[in-house]
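Open the model in your viewer and keep the selection tool at hand. This tour goes stop by stop: select, look, move on.

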Amino acid sequence: KNEEARSRKSKQLCFRYNQPDPRDGEGRERLGRELLGGTGERLWLEAPIHFADGCHTTVGDHFYSNFNLTVVDDGRVSIGNSVMFGPNVTISTTGHPVHPYYRMRGSPFSLPAVIEAGVWIGANVVVMPGVTICKNSVIGARRVVTRDIPVNVVAFGTPCRVLFPFTD
């Protein structure tokens, strides 16, 4: 029952967030802070947004997400400072078993997703359950991130893989 109430509240807050005057930045920021489990300074989410629960997602200072952010946060999603998302980014902490016996019985699982400080995620990226994208890395557009990405790299391809590191 508690999960149903939490999910209903998340859907109501997302609906309200996606409806107001786009010039009302303060009102949107207030709704975003009410939706999420924790936020830093300067939260900006371009509408529309979609969260399964919202309360399981925390973001650091100076977070920006472009249009159509979808977060399936049945498990914990942790996003660091100075992170930017392109349009149509999806983060999912939830998966379902491959074996049909367990899948048909509604046995989903959740693994945390971690996006560290300074990360830039391009348009149409999907981050799968259990993935950590380490500090300052860049994920190219239209990628599916199925495994951890180390610090200070550019990664793309399908599935997403490190192409090259970068330094100062």
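A charge sits over a ring if NZ of Lys or CZ of Arg is within 6 Å of the ring centre and within 35 degrees of the ring normal. Keep that for the second stop.

Before selecting, note that this is a predicted model, where local features need pLDDT of at least 70, side-chain atom pairs count only at pLDDT 80 or more, and totals for chains, interfaces and linings use all residues. Residues are numbered from 1 along each chain as its sequence is written, and side-chain values use heavy atoms, with hydrogens and water left out.

**Stop 1: the sheet**

Helices (H or I, at least four residues) and strands (E, at least two) are DSSP runs, numbered from the N terminus. Two strands pair if DSSP finds at least two bridges between them.

Select β2, β5, β8, β13 and β16. They form an open sheet of five strands, in the order β2-β5-β8-β13-β16, with parallel pairing. Which strands stand at the edges? They are β2 (49-51) and β16 (144-145). Each has a single partner strand, so one side of each is left without a neighbour in the sheet.

Now zoom in on β5 (residues 69-72) and β8 (residues 90-92). Three bridges join these parallel strands. Pick Val 71 and look across: Ile 91 in β8 stands opposite.

**Stop 2: rings and charges**

Rings of Phe, Tyr and Trp (its six-membered ring) pair if their centres lie within 6.5 Å; planes under 30 degrees apart count as stacked, over 60 as edge-to-face and the rest as tilted. How many aromatic pairs does a search of the whole structure find? It finds two.

Select Phe 63 and Phe 85 for one of them. The ring centres are 5.1 Å apart and the planes at 90 degrees, so the pair is edge-to-face. Phe 63 lies in strand β4 (residues 63-65) and Phe 85 in strand β7 (residues 84-85), so the pair ties together parts that are 22 residues apart in sequence. Both Phe 63 and Phe 85 are buried. Buried means under 20% relative accessible area, exposed over 50%, partly exposed in between (1.4 Å probe, protein chains only).

Next, select Tyr 101 and Tyr 102. With centres 4.9 Å apart and planes at 90 degrees, this pair is also edge-to-face. Tyr 101 is partly exposed, at 43% relative accessible area. Tyr 102 is partly exposed too, at 46%.

Then go to Tyr 17, where Arg 28 lies over the face, 5.3 Å from the ring centre.

**Stop 3: the core**

A nonpolar core is a set of buried Ala, Val, Leu, Ile, Met, Phe, Trp, Tyr and Cys residues joined through side-chain atoms within 4.5 Å. The largest one has 35 residues. Select Phe 85, Ile 91, Ile 121 and Ile 133, which have the most contacts inside it. Elements giving two or more residues to this core include α2, β6 (77-79) and β11 (113-115). α1 gives the most, with three residues.

Return to Phe 85 and show its surroundings. Contact means heavy atoms within 4.5 Å. Leaving aside neighbours within four places in sequence, Phe 85 is in contact with residues including Phe 63, Leu 69, Ile 79, Ile 91, Ile 115 and Ile 121.

**Stop 4: cysteines**

Colour the cysteines. A disulfide is a pair of cysteine sulfur atoms within 2.5 Å. The structure holds zero disulfides. For Cys 55, the nearest cysteine sulfur, that of Cys 14, is 11 Å away. Cys 55 is partly exposed, with a relative accessible area of 33%. Cys 160 is buried, at 0%. Its sulfur is 13 Å from the closest cysteine sulfur, in Cys 134, too far for a bond.

**Stop 5: backbone details**

Select Ala 47 and Pro 48: the peptide bond between them is cis, with omega near 5 degrees. Pro 48 is in the loop between β1 (43-45) and β2.

Move to Thr 158 and Pro 159 for a cis peptide bond with omega about -5 degrees. Pro 159 lies in the loop between β17 (153-156) and β18 (161-165).

Where is Arg 42 found? Look in the loop between α2 (25-35) and β1. Phi of Arg 42 is near 55 degrees, a positive value in a residue other than glycine. Arg 42 is exposed, at 62% relative accessibility.

Finish at Asn 68, in the loop between β4 and β5. Asn 68 is not a glycine, yet its phi is positive, about 65 degrees. At 30% relative accessibility, Asn 68 is partly exposed.
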